[in-house]
Structures are given as C-alpha cells and as structure tokens.
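Here is a short briefing on one protein model. Look over the sequence and structure first, then read the points by topic.

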Amino acid sequence: MIKDICINIKSVQNSNDNKDVTELFTFGKLLKEKNKDGYRIYYEESDAMGFDGCNITLDVTDNSVTLTRSGNAVSNLILERGKKHHCHYGTPYGEFMIGVRTDEIKNSVTDDGGDLYLKYTIDINSGFLSENEMFINIKER
C-alpha cells in the first residue's frame, strides 16, 4: 500500500536557554509493506529546514524511528525509546557523529495517517547540544 500524504512537521530545539521552532508543510508518500511492522514515510526537504535537495525516509515502528537523509547531505539517525545511539549526521557544511538519546516516542500512524511525537537529546563528544521535540502530523492527500 502506498498513499499520497500531506505532512506537517513542527520541530522544537532547546539549547542553553535558546528555543528554536521550525515548521514545515510538505507532501510525501506513506508506505505499508506486507508482513512488516510500522510504516515508511518519504518526503523532500526544503530550504526552510536548511537541507534543500535532500530526501527524507522515516521508518516508523512503535518503539523506534530511523531517519535517513539522502541527497546534498547524508544522515542516518536511529531514535529508539530509552536508548542512545551514535549516528552519522551530515550537513551542507560537513559531517560528524552525534549521540542521540530518545526519551519518548508516541506513534498513532495508521493506513489513514496519524501523529508521531519524538522527544530526544543530542550530544557531540558526550557534550550536551540540545533537547529536541518533533511533532509530525500525516493526513491522506
């Protein structure tokens, strides 16, 4: 099953008493593969998020989300509830390794869309960088 979807993403980043909120509305695809848990969500990044020319794939289950960015900047982030992963993060300015500890995942995504909430902390060389929240709403197009 593949569906065309509308995606609304709100990202909140807290770092050293600074709060940065970014919102993106875009179109994408929702894929449910036979005999697999969860969903795959595809969309193209925009200049508003700083990654124009990149494609995003989110592999979503109840306990984990894997975010893969391809194109001008390549990243692979693993968000798994209650665990920390060291992940490759690419930007237009360079690449580095980050630590990602996921505190919370709330997933209500179904064949008809739904919501995904992620709360996680990012560090570089074990030094705190930011606490992050993502609110993703998916609706059938």
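The sulfur of C87 lies 17 Å from the closest cysteine sulfur, that of C54, which is too far for a bond. A disulfide here is a pair of cysteine sulfur atoms within 2.5 Å. By that rule the count is zero. This is a predicted model, in which local features need pLDDT of at least 70 and side-chain atom pairs count only at pLDDT 80 or more, while totals for chains, interfaces and linings use all residues. Residues are numbered from 1 along each chain as its sequence is written, and side-chain values use heavy atoms, with hydrogens and water left out.

**Cysteine burial**

- C87 is buried, at 2% relative accessibility; buried means under 20% relative accessible area, exposed over 50%, and partly exposed in between (1.4 Å probe, protein chains only).
- C6 also counts as buried, at 15% relative accessibility.

**Strand pairing**

- Strand 1 (residues 2–15) and strand 2 (residues 18–31) pair in the antiparallel sense over 14 bridges.
- Strands are DSSP runs (E, at least two residues), numbered from the N terminus, and two of them pair if DSSP finds at least two bridges between them.
- K10 has E23 in strand 2 as its bridge partner.
- Two residues lie between the strands in the hairpin of strand 1 and strand 2, where N16 takes a positive phi near 50°.
- Strand 1 also pairs with strand 10, in the antiparallel sense, over ten bridges.
- On that side, I5 has E140 in strand 10 as its bridge partner.
- In a regular strand, side chains alternate between the two faces of the sheet.

**Aromatic pairs**

- A search of the whole structure finds three aromatic pairs.
- F25 and F27 form an edge-to-face pair, 5.6 Å centre to centre with 80° between the planes.
- Rings of Phe, Tyr and Trp (its six-membered ring) pair if their centres lie within 6.5 Å; planes under 30 degrees apart count as stacked, over 60 as edge-to-face and the rest as tilted.
- F25 is exposed, with a relative accessible area of 53%, whereas F27 is partly exposed at 41%.
- Y89 and F96 form a tilted pair, 5.8 Å centre to centre with 50° between the planes.

**Nonpolar surface patch**

- F96 is partly exposed, with a relative accessible area of 33%.
- F96, I124 and L129 form a nonpolar patch on the surface, with about 210 Å² of accessible area together.
- Patches are made of residues with over 30% relative accessible area and no salt bridge; like charges are joined within 9 Å, nonpolar side chains (Val, Leu, Ile, Met, Phe, Trp, Tyr) within 5 Å.
- Accessible areas come from the Shrake-Rupley method with a 1.4 Å probe; for residues, only the protein chains shown count as cover.
- L129 sits in strand 10 (residues 127–140) and is partly exposed at 34%.

**Salt bridges**

- The structure holds eight salt bridges, each a side-chain nitrogen of Lys or Arg within 4 Å of a carboxyl oxygen of Asp or Glu.
- D4 bridges to K29, with the closest N and O atoms 2.4 Å apart.
- This pair links distant parts of the chain, D4 in strand 1 and K29 in strand 2, 25 residues apart.
- D4 is partly exposed at 38% relative accessibility, and K29 is partly exposed at 36%.
- E80 and K83 meet in a salt bridge (3.5 Å, N to O).
- K106 and E104 meet in a salt bridge (3.2 Å, N to O).

How values were computed
Helices (H or I, at least four residues) and strands (E, at least two) are DSSP runs, numbered from the N terminus.
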